[in-house]
Amino acid sequence: MEKIRKALKGFDVYEIPEYCRDWALQEIIEKADKLEGSGDWHVKRFFLMHEIGNDDVKNIIKKIRAMKIGRMIFASTTPTSLTWKLDDLIKEWIKEDNYFQEMQASRFYLDIKLGKG
């Protein structure tokens, strides 16, 4: 976390502890600066962004990927996601990530097959 905080100076970076799994995302965001505990409790790693513009989102993702700290699932809040429980959002983010991974893998396969044509 310290590496990420240093890389993202100017942004507030908080960890979300496991006890927040059943909380609505809006509640977590409202209490973010008071949360205590590690965010390192799930087998997957997530980076959630709230009220961050598109250019900043792109820069944040680029900086974190450049750190080579392992696979990370990136997500941004939406008005709908703010009403969801964190545990439900995590399941949704994993489904979306799996979908994009499969799309990337099949695209690569098709490119190879077409290239041999």
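# Contacts and salt bridges in a predicted model

Biologist: Thr77 is found in the loop between β2 (73–76) and α4. Is Thr77 buried or exposed?

Modeller: This is a predicted model, and the answer rests on computed accessibility. The relative accessible area of Thr77 is 16%. Buried means under 20%, so Thr77 counts as buried.

Biologist: Which side chain makes a polar contact with the side chain of Thr77?

Modeller: Leaving aside neighbours within four places in sequence, Thr77 is in contact with several residues, among them Leu25, Leu48, His50 and Leu82. A polar contact between side chains, at 2.8 Å, joins Thr77 to His50.

Biologist: How are the rings of Phe46 and Trp93 paired: stacked, edge-to-face or tilted?

Modeller: The count of aromatic pairs comes to four. For Phe46 and Trp93, the ring centres are 5.8 Å apart and the planes stand at 45°. Planes under 30 degrees apart count as stacked and those over 60 as edge-to-face, so this pair is tilted.

Biologist: How many residues apart in sequence are the parts that this pair ties together?

Modeller: Phe46 lies in strand β1 (residues 46–49), while Trp93 lies in helix α4. Phe46 is partly exposed at 23% relative accessible area, whereas Trp93 is buried at 9%. The parts tied together are apart in sequence by 47 residues.

Biologist: Which residue forms a salt bridge with Arg5?

Modeller: The structure holds seven salt bridges. In this one the closest N and O atoms are 3.4 Å apart, and both residues lie in helix α1 (residues 2–7), three residues apart, about one turn of the helix.

Biologist: Which residue meets Arg71 in a salt bridge?

Modeller: Arg71 is in the loop between α3 (54–66) and β2, and its partner is in helix α4, 26 residues apart. The N to O distance is 2.5 Å, and the partner is Asp97.

Biologist: Glu18 and Arg21 meet in a salt bridge; which residue is joined with them into one network?

Modeller: The side chains of Glu18 and Arg21 meet at 3.2 Å, N to O. Glu18 is partly exposed at 41%, and Arg21 is partly exposed at 26%. Through salt bridges that share partners, the network also takes in Asp87.

Biologist: What is the area of the nonpolar surface patch made by Tyr99, Phe100 and Met103?

Modeller: Tyr99 is found in helix α4 (residues 86–116). Patch residues have over 30% relative accessible area, and Tyr99 is partly exposed at 46%. Together with Phe100 and Met103, Tyr99 makes a patch of about 330 Å².

Conventions:
Residues numbered from 1 in each chain as written. Predicted model: local features only at pLDDT ≥ 70, side-chain atom pairs only at ≥ 80, totals over all residues. Heavy atoms only, no water. Patch = residues over 30% accessible without salt bridge, like charges linked within 9 Å, V, L, I, M, F, W, Y side chains within 5 Å. Areas by Shrake-Rupley, 256 points an atom, 1.4 Å probe, with all protein chains shown as cover. Salt bridge = Lys/Arg side-chain N within 4 Å of Asp/Glu carboxyl O. Helix = DSSP H or I, 4+ residues; strand = E, 2+ residues; numbered from the N terminus. Buried < 20%, exposed > 50% of the residue type's maximum accessible area, 1.4 Å probe, protein only. Polar contact = N/O pair within 3.5 Å; in protein donor to acceptor, adjacent residues only side chain to side chain. Contact = heavy atoms within 4.5 Å. Phe/Tyr/Trp six-rings, centres within 6.5 Å; stacked < 30°, edge-to-face > 60°.
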